[in-house]
Structures are given as C-alpha cells and as structure tokens.
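Visitor: I am new to this structure, and I would like to learn how to read its features one at a time. Could we begin with how much of a residue is open to the outside?

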Amino acid sequence: MSVEIAGRAPATFEIKSANLPLVALLLKSHDLARLAEEFKARFGDIPDFFDNDPLLIDLAPLKGEGEVDFRELLKLLKGYKVQPITVKGGSDA
C-alpha cells in the first residue's frame, strides 16, 4: 500500500506495507535460568539456527503477573543470534 497525500509524493521517502518473517517467543515463565537451560538443550548445537532473525517477545502467556528481567532476557536471546525488536501482551509496568 502506497500512501499519497493531496496528489504529492514526497521526494525523500515512501511508505509501503511489507510482509516480513518474524519469529515470536511466547514467554511462559519468569524463570530465565530455566529458559536458558531449555534454549541450550534445543538450540545449543545449532549456533546459526536463527541467523539474526527479528523476534517478537509475547508476554501474554504470563498474564501480567510479575516482571520480566529484560536486561537478562535480551542478553540470553542475543547469544542465540535473534534480534528482539518488539514486545506485546505485557502490562504497562
């Protein structure tokens, strides 16, 4: 979808819709040590499995209970070559 306003297209940019592959992580626990163990068991012997794929972190399964240590979560995820770009399903906190 291209957007054109009042018959003038800007010379410096254009906005179009895009379909991009995106991996979603449905976080079901606040226990990041356990998450690290499970990631290692599943992906530890496949170092390039994700190849810098963009990642959505879905907090909906946590039902707004407790807080996520995002600093540690991001450190863990980047170690597996995923690029967290957005979060959904969390609380305002």
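Guide: A residue counts as buried under 20% relative accessible area, as exposed over 50%, and as partly exposed in between. This is a predicted model, and in it R34 has a relative accessibility of 49%, so R34 counts as partly exposed. E38 is also partly exposed, because its relative accessibility is 44%.

Visitor: What do the side chains of E38 and R34 form where they meet?

Guide: The general idea is that a side-chain nitrogen of Lys or Arg must lie within 4 Å of a carboxyl oxygen of Asp or Glu for the pair to be called a salt bridge. Here the side chains of E38 and R34 form a salt bridge, with 3.1 Å from N to O. Both residues belong to helix α1, which covers residues 32–43, and they stand 4 residues apart, about one turn of the helix.

Visitor: Which residue does D58 meet in a salt bridge?

Guide: The side chain of D58 meets that of K88 in a salt bridge, at 4.0 Å from N to O. Because D58 lies in strand β2 and K88 in strand β3, the pair ties together parts that are 30 residues apart in sequence.

Visitor: Is D58 buried or exposed?

Guide: D58 counts as buried because its relative accessibility is 9%, whereas K88, with a relative accessible area of 45%, is partly exposed. The side chain of D58 also reaches the backbone nitrogen of A60 at 2.9 Å. If we leave aside the neighbours within four places in sequence, D58 is in contact with L25, L26, L27, K88 and G89.

Visitor: Now for the nonpolar residues: which residues of the largest nonpolar core touch the most other members?

Guide: A nonpolar core gathers buried nonpolar residues whose side-chain atoms lie within 4.5 Å of one another. The largest nonpolar core has 17 residues, and those that touch the most other members are L27, L35, F39, L73 and L77. At least two residues of this core come from each of α1, β2 and α2, and α1 gives the most, with 4 residues.

Visitor: Which residues form a nonpolar patch on the surface?

Guide: F70, L74 and V87 form such a patch, and together they have about 210 Å² of accessible area. Among them, V87 is found in strand β3, and with 40% relative accessibility V87 counts as partly exposed.

Methods. Residues numbered from 1 in each chain as written. Predicted model: local features only at pLDDT ≥ 70, side-chain atom pairs only at ≥ 80, totals over all residues. Heavy atoms only, no water. Buried < 20%, exposed > 50% of the residue type's maximum accessible area, 1.4 Å probe, protein only. Patch = residues over 30% accessible without salt bridge, like charges linked within 9 Å, V, L, I, M, F, W, Y side chains within 5 Å. Areas by Shrake-Rupley, 256 points an atom, 1.4 Å probe, with all protein chains shown as cover. Polar contact = N/O pair within 3.5 Å; in protein donor to acceptor, adjacent residues only side chain to side chain. Contact = heavy atoms within 4.5 Å.
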